[in-house]
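Here is a short report for a first look at this structure. Begin with the picture, then read on.

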Amino acid sequence: MHMMFRTLLHYFFHGRRGPRLGFRDVSRSSFRVMPTDLDLLRHVNNGVYLSIMDVARFDMLQRNGVMAIFGARGWYPVVVAETISFRKSLQLWEKFTIESQMLGFDDQAVFLEQRFVRPDASGTPEVYARAVVRARILKKSGGVVKVAEIATAAGVDIDDFELPDQLREWGSASRLPSTRDAAPSVWG
């Protein structure tokens with residue numbers, strides 16, 4: 001299923017009806033595995049996980065009011081790094097939930113965790129895959145929005161979020177050069 005279509009369906013039939021969220025709340029977005037999500041091995045393709053995570057992040061930002069803040073200021077989020085670990089495969093027609101939560105900030109970006117969850121045999125939520133996303137906020141007029149400016153606009157105290165050192169290190173290690181700097185593709 002094309003992601004724009006899936007995003008619109010999710011927004012109109014799920015996201016607008018979901019409860020309002022606080023900035024630190026866990027967002028839960030429900031989905032079902034569709035035939036177009038599958039690869040040749042008949043389980044969800046690894047790239048589809050990342051695309052569905054986009055839909056869940058949009059849902060979270062809509063319900064916690066951040067998307068309205070961004071829209072009013074001409075800002076928009078972009079993913080600059082993400083890593084995902086897989087535990088179990090999602091199969092055709094299975095229902096699953098993506099749980100999304102803000103983790104914290106470094107000097108340039110926002111960190112989120114997203115989990116793909118299904119109930120186990122006893123009904124307890126079980127993690128199938130887990131991802132960490134590092135995102136920056138850009139201005140439509142050009143440039144990057146500073147983390148302090150984002151926090152002020154959202155009414156969030158950055159000090160309330162303690163970003164683990166391993167995530168701070170991963171964020172630093174996964175950075176690419178600025179778009180204004182050279183980034184030659186040299187192997188070896």
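## A turn between two strands

This model is predicted. Start at Gly123, where phi is positive, near 95°. Gly123 belongs to the hairpin of β4 and β5, which has 5 residues between the strands.

Strand β4 covers residues 110–119. Is this strand mostly covered or mostly open? It is mostly covered: 8 of its 10 residues are buried. Buried here means under 20% relative accessible area.

Strand β4 pairs on two sides of the sequence. With strand β5, residues 125–139, β4 runs antiparallel, and 10 bridges join the two. One place to look is Val110, which stands opposite Ala135 in β5. With strand β3, residues 95–105, β4 also pairs in the antiparallel sense, over 8 bridges. Here Thr97 has Val117 in β4 as its bridge partner. β3 and β4 form a hairpin too, with 4 residues between them.

## The whole chain

How many helices and strands does the protein chain have? The secondary structure comes to 5 helices and 5 strands. From the N terminus on, the order is α-β-α-α-β-β-β-β-α-α.

The C-alpha trace spans about 50 × 45 × 30 Å along its principal axes. Why does the radius of gyration agree with a compact globule? A compact globule of 188 residues would have a value near 16 Å, and the protein chain has 17 Å, so the two agree.

## Inside and outside

Of the 188 residues in the protein chain, 37% are buried. The accessible surface comes to about 11000 Å². Carbon and sulfur atoms account for 54% of that surface.

Part of the outside is a nonpolar patch. Which residues form it? They are Met4, Leu8 and Phe12, with about 290 Å² of accessible area together. Met4 lies in helix α1, which covers residues 3–13. Met4 has 51% relative accessibility, so it counts as exposed. The cut-off for exposed is over 50%.

Methods:
Residues numbered from 1 in each chain as written. Predicted model: local features only at pLDDT ≥ 70, side-chain atom pairs only at ≥ 80, totals over all residues. Heavy atoms only, no water. Patch = residues over 30% accessible without salt bridge, like charges linked within 9 Å, V, L, I, M, F, W, Y side chains within 5 Å. Areas by Shrake-Rupley, 256 points an atom, 1.4 Å probe, with all protein chains shown as cover. Salt bridge = Lys/Arg side-chain N within 4 Å of Asp/Glu carboxyl O. Buried < 20%, exposed > 50% of the residue type's maximum accessible area, 1.4 Å probe, protein only. Rg over C-alpha atoms; globule rule 2.2 N^0.38 Å. Pairing = 2+ DSSP bridges.
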